[in-house]
Amino acid sequence: MDKNFQEQQFTGITKFTPPLYQQRYQFVKDLVGKYRPKKVADLGCADCTLLWMLKFCSCIEVLAGLDICASVMKEKMHRLSPLPGDYLQPAERSLTVTLHHGSVAHKDPCMLGFDLVTCIELIEHLEQSELKKFPEVVFGFMAPSIVVISTPNSDFNPLLPGMTLFRHPDHKFEWNRAQFQSWALETARRYDYSVEFTGVGHPPAGMENVGFCTQIGVFVRKHPQTSESAQSEKPTEAVYKTVFKAVYPSLKDEKYLQNAVVSEVIFTGQIIKQSLLGCLMSEHEEYNDDPTDRKSKFQPSMNCFSEDLGKLVAEKSLEPFVNGNVVYIPLTTIFSFPKVNRLCGTFEKLCKLIAGKVTLSSDGSAVVFNTEHENEEN
């Protein structure tokens with residue numbers, strides 16, 4: 001059973017807009033936007049919805065999910081797989097997504113090295129013995145820079161009609177604000193974190209004294225964890241079972257970068273070629289006395305390209321030239337275009353990546369395009 005389902009029955013009565021679970025996830029996304037973590041782990045990831053949202057955050061390179069119920073993860077984990085478009089246009093960043101089956105009461109080396117750890121509506125599902133081990137696992141062993149913990153605020157429960165004891169039948173407890181803050185402050189003190197309290201789900205007007213429907217603690221580590229302390233706690237064996245792993249195509253992978261560079265070089269070269277042939281055709285028409293002899297075989301098609309690219313063509317001091325049916329475009333000219341430059345970084349890398357993939361002049365200094373195709377079409 002989805003751990004949010006029962007809660008939605010109650011909180012739906014109060015008309016939270018957007019729904020409360022979405023507000024919690026948006027809170028995490030906003031935090032990611034603020035701190036720009038590279039590695040994020042979601043403990044108690046359930047149906048992977050938060051992980052799916054976070055995979056679109058450009059700063060994140062590693063995403064990991066952990067849940068005690070493998071079947072719930074497996075129902076929706078396919079959403080975390082790369083799509084065809086990810087292969088057609090690989091991102092500049094790398095991204096690896098991994099799901100693990102296991103308990104937050106156990107330590108596993110695969111959970112070391114994360115910048116942000118989220119525990120959204122998790123702790124209230126823990127047995128007392130698990131809750132006792134939880135701080136040492138998350139704050140002592142994993143020791144990320146930031147930990148976000150959300151949990152129901154029982155002070156708000158009287159405003160949820162129809163509720164008997166807890167918001168979900170699997171909840172082992174629900175803390176009021178004083179209880180949560182007492183636990184959080186003691187945990188922060190013990191593991192050298194600071195903690196700030198906030199929440200999502202505003203109470204109705206006139207009932208502000210009950211606080212947020214969901215209370216949230218944001219823990220920030222005061223001092224960087226030393227590599228020695230991390231290694232001293234590292235267990236020798238993995239205890240979690242990996243149930244899913246996806247590695248997204250990235251321009252940091254040379255094979256994807258090469259494809260992207262070759263495509264961009266050809267695209268940029270085509271733009272320059274069209275511009276050059278367009279200029280030659282204009283000159284031809286200007287000096288042609290007989291309008292009936294005018295030919296359109298070199299008619300430029302700059303309208304197919306963006307205005308920005310058109311301006312770039314005009315602004316560059318182009319050195320390409322035409323020799324018969326062949327257009328020569330110097331590699332230095334192509335390298336001067338921003339996207340090619342950004343992808344390659346150096347001129348030497350450009351030459352390396354396109355070697356054998358693009359037709360070059362005999363001395364290797366220019367890309368060669370044949371105009372015979374244009375002649376046949378016109």
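1. First, a term: two rings of Phe, Tyr or Trp (for Trp, the six-membered ring) make a pair if their centres lie within 6.5 Å, and planes under 30 degrees apart count as stacked, over 60 as edge-to-face and the rest as tilted. By that rule, ring pairs join Phe134, Phe173, Trp175, Phe180, Trp183 and Phe197 into a cluster.

2. A quick word on the source: this is a predicted model, where local features need pLDDT of at least 70 and side-chain atom pairs count only at pLDDT 80 or more, while totals for chains, interfaces and linings use all residues. Residues are numbered from 1 along each chain as its sequence is written, and side-chain values use heavy atoms, leaving out hydrogens and water.

3. The structure holds 14 aromatic pairs. One of them is Phe180 with Trp183, a stacked pair at 6.4 Å centre to centre and 20° between the planes. Phe180 is buried (under 20% relative accessible area; over 50% is exposed, in between partly exposed, with a 1.4 Å probe and protein chains only), as its relative accessibility is 0%. Trp183 is buried too, at 15%.

4. Now look at H6. Phe134 sits at a kink of about 30° there, shortly before Pro135 (the bend is the angle between axes fitted to the seven residues ending at a residue and the seven starting there). Buried residues in H6 include Phe134, Pro135 and Met142.

5. What about disulfides, meaning cysteine sulfur atoms within 2.5 Å? The whole structure has zero. For Cys57, the closest cysteine sulfur, in Cys59, is 5.8 Å away, too far for a bond.

Definitions and conventions: Helices (H or I, at least four residues) and strands (E, at least two) are DSSP runs, numbered from the N terminus. A disulfide is a pair of cysteine sulfur atoms within 2.5 Å.
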